[in-house]
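Trainee: I am new to this model. Please give me a close look at a single part of it, and then show me how that part sits in the whole.

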Amino acid sequence: MPILLGPFDPLKLIFNILNALMAKGLLSRDEAKKILMDSLDPNMPEIEKDKFIDSLFKQNNAKKS
Amino acid sequence: MPKKVSPITSFQELDIQNIATKEPLNDIRVFLEFCENDIQSATKELEGIQIEKNRKHLQKLVYVNLINRFDYLIDKLLLWFSINNKSLRDNILGTIEKETISKKEVFEIFFAKERSYELITEKIKELTRSNVLRSRHSSKLLKILDTCLNIKDCIKPRVNNSNGKIFTKTTGNKNLPNSIIGYADWLYSRRNSLVHGDGIKYTPADFEYIKKTYNTTNLSITIRLQLTSITSAVTFYTDLLKIISDNIQDSIE
């Protein structure tokens with residue numbers, strides 16, 4: 001069950017914003033990754049954070065319009 | 001205004017679908033990568049040692065490592081399910097149903113505001129650790145398959161004993177357990193013999209438990225670990241984790 005803020009799913013909202021910024025070339029994948037990694041549990045080992053964040057991305061070979 | 005990053009022809013976007021299950025699916029993926037990389041290369045090296053007695057000690061180490069890693073994964077999945085699956089959560093909270101809580105504690109939890117959810121989930125995980133995670137390996141797996149995923153035929157014959165492959169069903173076996181739960185129990189009992197026993201026979205408690213619980217009246221007392229024991233265990237865990245992965249999305253409540 002997602003945690004909602006009012007009617008909004010904040011995680012979906014954040015992901016959609018990051019995707020929109022990356023699609024427009026305003027944010028790189030590495031910058032998005034850093035934002036996400038900084039929000040993870042600080043007790044989580046770096047290597048686990050790295051693998052987890054990588055698993056959140058899907059391969060998309062569509063060309064930018 | 002932030003500097004515009006050069007547009008790229010192909011880019012990776014964040015996968016919004018099934019965000020809720022990313023964490024357990026990632027844990028499963030990490031384990032499968034461990035099997036594919038570490039275990040596979042270890043067994044390849046062991047194959048190069050032709051004489052069985054020269055490699056049996058290393059075989060034992062690899063086997064124990066594999067079984068321990070899987071047990072650790074089961075624990076992680078149970079902690080996740082204890083928060084995200086109502087059936088398991090109700091099961092765990094049932095253990096404290098009759099306990100009382102003071103108004104002071106209730107107010108403190110609500111006063112913590114955005115941290116209150118984190119406090120409660122941590123309490124549930126503590127209960128899971130002290131109750132569920134201390135139980136037998138096969139009982140933990142049963143909690144995942146039966147309680148959380150509603151896979152009722154996990155106690156029926158489904159596993160090919162010679163290679164660990166899981167089928168929809170198969171015939172029963174009096175020599176070795178071949179239900180999903182029974183096979184997992186058998187794998188773990190061999191690990192117990194290596195870690196806590198003499199590495200040759202099952203521990204007495206495990207031997208009696210397996211014979212009685214899975215009706216394997218012809219179970220041999222010796223464990224007979226070979227190189228194929230490792231590859232069969234990997235096949236079994238891979239098939240089992242596919243079943244869990246395929247059903248995990250529907251288990252969230």
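Mentor: The kink in helix 2 of chain B is centred on B:L58 and is about 30°. Such a bend is the angle between two fitted axes, one for the seven residues ending at the residue and one for the seven starting there. Helices here are DSSP runs of H or I with at least four residues, strands are runs of E with at least two, and both are numbered from the N terminus.

Some ground rules come next. This is a predicted model, in which local features need pLDDT of at least 70 and side-chain atom pairs count only at pLDDT 80 or more, while totals for chains, interfaces and linings use all residues. Residues are numbered from 1 along each chain as its sequence is written, and chains are lettered from A, with ligands numbered from 1, in the order in which they are written. The pLDDT is the predictor's confidence in each residue, from 0 to 100. Chain B averages 91, and 95% of its residues score at least 70. The model has an ipTM of 0.71 and a pTM of 0.84.

Back to helix 2 of chain B. How far apart are its end C-alpha atoms? They are 46 Å apart. At 1.5 Å a residue, its 33 residues should span 48 Å, so the two values agree. The expected span is 1.5 Å times one less than the number of residues.

Now the core around this helix. A nonpolar core is a set of buried Ala, Val, Leu, Ile, Met, Phe, Trp, Tyr and Cys residues joined through C-beta atoms within 7 Å. Buried means that 20 or more other C-beta atoms lie within 10 Å of a residue's own; exposed means 12 or fewer, and partly exposed is in between, with C-beta atoms placed from the backbone. The largest nonpolar core has 46 residues. Those with the most contacts inside it are B:L66, B:I144, B:I180, B:A233 and B:Y237. Elements of chain B giving it two or more residues are helix 1 (22–47), helix 2 (52–84), helix 3 (86–93), helix 6 (137–148), helix 7 (180–196) and helix 9 (227–248). Helix 2 gives the most, with 12 residues. In soluble globular proteins, nonpolar side chains tend to be buried together.

Take B:I144. Two residues are in contact if their C-beta atoms, placed from the backbone, lie within 7 Å. Leaving aside neighbours within four places in sequence, B:I144 is in contact with B:I74, B:L77, B:L78, B:F81, B:L149 and B:I244.

Next, B:L25, in helix 1 of chain B. B:L25 is partly exposed, with 17 other C-beta atoms within 10 Å. Beyond residues up to four places away, B:L25 touches B:S245 and B:I248. B:L25 and B:I248 are 223 residues apart along the chain, yet their C-alpha atoms are separated by 8.6 Å. Across chain B, take contacts between residues at least 6 apart in sequence: 66% join residues at least 24 apart.

Buried residues make up 30% of its 253 residues.

Two loops deserve a stop. B:N150 lies between helix 6 and helix 7 of chain B. Its phi is near 60°, a positive value in a residue other than glycine. B:N150 is exposed, with 12 other C-beta atoms within 10 Å. B:N215 lies between helix 8 (204–213) and helix 9 of chain B. Its phi is near 55°, again positive in a residue other than glycine. B:N215 is partly exposed, with 13 other C-beta atoms within 10 Å.

Finally, the partner. Chain A has 3 helices and 1 strand. Of its 65 residues, 8% count as buried. The buried residues of helix 1 of chain A are A:L18, A:N19 and A:M22. They cover an arc of only 100° around the axis, which puts them on the same side of that helix. The arc is that of the directions from the helix axis to the C-beta atoms. These buried residues pack against helix 2 (29–38) of chain A together with strand 1 (13–14) of chain B. The face turned away carries the exposed residues A:P10, A:L13 and A:A20.
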